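Visitor: Hi! I'm new to this one, could you walk me through it?
Guide: Happy to. Have a look, then ask away.

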Amino acid sequence: MLTAAGSGSRLGHAVPKALVELAGVPLVVRAAQGLALARCLSAVVVTVPPLEVGGFQALFAGGLVPGSDLPATVVAGGATRQASVAAGIAALADDVDVVLVHDAARCLTPPGLVRAVEAAVRGGHRAVVPALAVTDTVKEVGEPDASGARPVRATLERTRLRAVQTPQGFDRALLAAAHAAGAALAADESVAASDDAGLVEALGEPVWVVPGDERAMKITTPRDLALAHILVEDIPPLLP
Ligand code: CTP
Ligand code: MG
């Protein structure tokens, strides 16, 4: 599943973030190429802004990418990422037993990372996230005082922290159960889950970490897009 239904408010472009171009290719098309090249998927559901369904259907009319036989189903996403993934789960074919959920905004994710996550799920880990070690020192803070300054509550032990990426991989039944259990949170951005593994954790089920990849960075701000421009010059075109 490719989540592409966000507006990209922090990026600040007039078009939805997934349609913003990086060196002439929309982010969602680059992300789709990475999934196709992994050659371990049987179909892809793309969640898109509800007002843009027709435009995205045209983009994927010939399948996920030209020359691949991967069928693409475009579905209207929801108000939050969690709601969009729930809509995507509802559109999965009956025979699917492993689901990878991937952000279109992580458009330079290498196919090898997709394969590694898929292999970890097939190997028996029912919820798998790729992640990188954290380089910043991360502190927990409390409520601000009148000046706006916040008190530090704790310094988290950095060696125990990981910054998680996508694709996140799941046994289909576990992912569906996690979203069903967390459904009450899905409508409200302030409480909705920002990743699917969080919903699995809330069920009390184990989630496993495999090594992430710097190229799976998420494009959130204009600075991220500028960095992606630099990276893409170092990455050969994924498909002709
Ligand atoms: N996403 C989605 N449905 C939503 C919100 C987000 O499918 N309602 C997708 C985005 O398209 C993106 C991924 O989830 O590929 C990660 O979300 P994020 O980086 O937050 O993207 P946006 O929500 O579009 O950006 P912003 O929060 O800055 O508006
Ligand atoms: Mg968002």
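Visitor: Where is A23 found?
Guide: A23 is in the loop between strand 2 (21–22) and strand 3 (25–26). Keep in mind as we go that this is a predicted model.

Visitor: What is the phi of A23 like, positive or negative?
Guide: Positive, at about 50 degrees, although A23 is not a glycine. For context, most residues other than glycine have a negative phi.

Visitor: Okay, on to peptide bonds. Is the one from T166 to P167 cis or trans?
Guide: That bond is cis, and its omega is near 10 degrees. As a rule, most peptide bonds are trans.

Visitor: And where is the place of P167?
Guide: Look in the loop between strand 10 (162–164) and strand 11 (168–171).

Visitor: Let's switch to the ligand. Where does ligand 1 sit?
Guide: You'll find ligand 1 in the largest pocket.

Visitor: Which residues come nearest to ligand 1?
Guide: There are 19 residues around ligand 1, and the nearest of them are T3, S9, R10, S84 and K218.

Visitor: How does S84 come into it, which atom of ligand 1 is 2.6 Å from its side chain?
Guide: That is a nitrogen atom of ligand 1, lying 2.6 Å from an N or O atom in the S84 side chain. With S9, an oxygen atom of ligand 1 is 2.6 Å from a side-chain N or O atom.

Visitor: How much of the accessible area of ligand 1 does the protein cover?
Guide: The protein covers 89% of the 570 Å² that ligand 1 has on its own.

Visitor: Last topic: how many salt bridges are there?
Guide: The count comes to eight. One of them pairs R81 with D196, whose closest N and O atoms are 2.9 Å apart.

Visitor: Which parts of the chain does that pair link?
Guide: Distant ones: R81 belongs to helix 3 (residues 81–90) and D196 to helix 6 (residues 196–202), with the two 115 residues apart.

Methods: Residues numbered from 1 in each chain as written. Chains lettered and ligands numbered in written order. Predicted model: local features only at pLDDT ≥ 70, side-chain atom pairs only at ≥ 80, totals over all residues. Heavy atoms only, no water. Near = heavy atom within 4 Å. Polar contact = N/O pair within 3.5 Å; in protein donor to acceptor, adjacent residues only side chain to side chain. Areas by Shrake-Rupley, 256 points an atom, 1.4 Å probe, with all protein chains shown as cover. 1 Å grid on protein atoms, 1.4 Å probe; cavity = no way out; pocket = protein on both sides within 12 Å on 5 of 7 lines; lining within 4 Å. Sits in = over half its atoms within 2 Å of the grid points. Salt bridge = Lys/Arg side-chain N within 4 Å of Asp/Glu carboxyl O. Helix = DSSP H or I, 4+ residues; strand = E, 2+ residues; numbered from the N terminus.
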